[in-house]
Amino acid sequence: SLWKLGRTVLEALPCPPTLLDRELPLENDLLRKIDLATSYASIEGRVPLLDPRLIRYAERLTPDQHLSGGVLKHALKQLLATYLPTALVERPKAGFGMHTDLTK
């Protein structure tokens, strides 16, 4: 019932849920982690998936293009497979931790 409630709330929003997904986790979590990690290591980080052309393209995709054959981000993985080894494209998700021990 909680999933149904969540779906009802998302469908009632004045904007598509993908816009919410783009704004909230990025601004409040992921971009901050990237900034902290790169600042800590004194390197410049780039976030290639924030390219406006790629975002405009992704926003035009239909839900079945995002999830094809049970594979999330199907279109992105197809594109990456033309440039990267399959083992790299098909590996499971892995988070990254931040090293906070300043003595090392």
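This passage describes the fold, surface and selected residues of a predicted protein model.

Because the model is predicted, local features were taken only at a pLDDT of at least 70 and side-chain atom pairs only at pLDDT 80 or more, while totals for chains, interfaces and linings use all residues. Residues are numbered from 1 along each chain as its sequence is written, and side-chain values use heavy atoms, with hydrogens and water left out.

The pLDDT, which is the predictor's confidence in each residue on a scale from 0 to 100, averages 78 over the protein chain, and 80% of the residues score at least 70. Confidence is lowest in helix α4 (residues 63-66), with a mean of 72, and highest in helix α6 (residues 86-89), at 89. Where pLDDT is low, the predicted coordinates should not be read in detail.

The protein chain contains 6 helices and 2 strands. These elements are DSSP runs numbered from the N terminus, helices being H or I with at least four residues and strands being E with at least two. Along the sequence their order is α-α-α-α-β-β-α-α. A contact is counted when heavy atoms lie within 4.5 Å. Among the contacts with a separation of 6 or more, 34% are between residues 24 or more positions apart.

Of the 104 residues in the protein chain, 4% are buried. Buried means under 20% relative accessible area, exposed means over 50%, and partly exposed lies in between (1.4 Å probe, protein chains only). The protein chain exposes about 9,300 Å², of which carbon and sulfur atoms supply 62%. Accessible areas come from the Shrake-Rupley method with a 1.4 Å probe, and for residues only the protein chains shown count as cover.

A nonpolar surface patch is formed by Leu79, Leu80, Tyr83, Leu84 and Leu88, which together have about 480 Å² of accessible area. Patches are made of residues with over 30% relative accessible area and no salt bridge; nonpolar side chains (Val, Leu, Ile, Met, Phe, Trp, Tyr) are joined within 5 Å, and like charges within 9 Å. Leucine 79 is placed in helix α5 (residues 74-81) and is partly exposed, at a relative accessible area of 44%.

Threonine 38 belongs to helix α2 (residues 17-40) and counts as buried because its relative accessibility is 14%. Its side chain reaches the backbone oxygen of isoleucine 34 at 2.8 Å. When residues up to four places away in sequence are not counted, threonine 38 touches Ile43, Glu44 and Gly45. Serine 42 lies in the loop between α2 and α3 (52-60). Its phi is near 55°, a positive value in a residue other than glycine, and serine 42 is exposed at 68% relative accessibility.

The count of salt bridges is 1, a salt bridge being a side-chain nitrogen of Lys or Arg within 4 Å of a carboxyl oxygen of Asp or Glu. The side chains of arginine 53 and aspartate 51 form a salt bridge, with an N to O distance of 2.7 Å. Arginine 53 is exposed, at 60% relative accessibility, whereas aspartate 51 is partly exposed, at 24%.

Note on methods: Polar contact = N/O pair within 3.5 Å; in protein donor to acceptor, adjacent residues only side chain to side chain.
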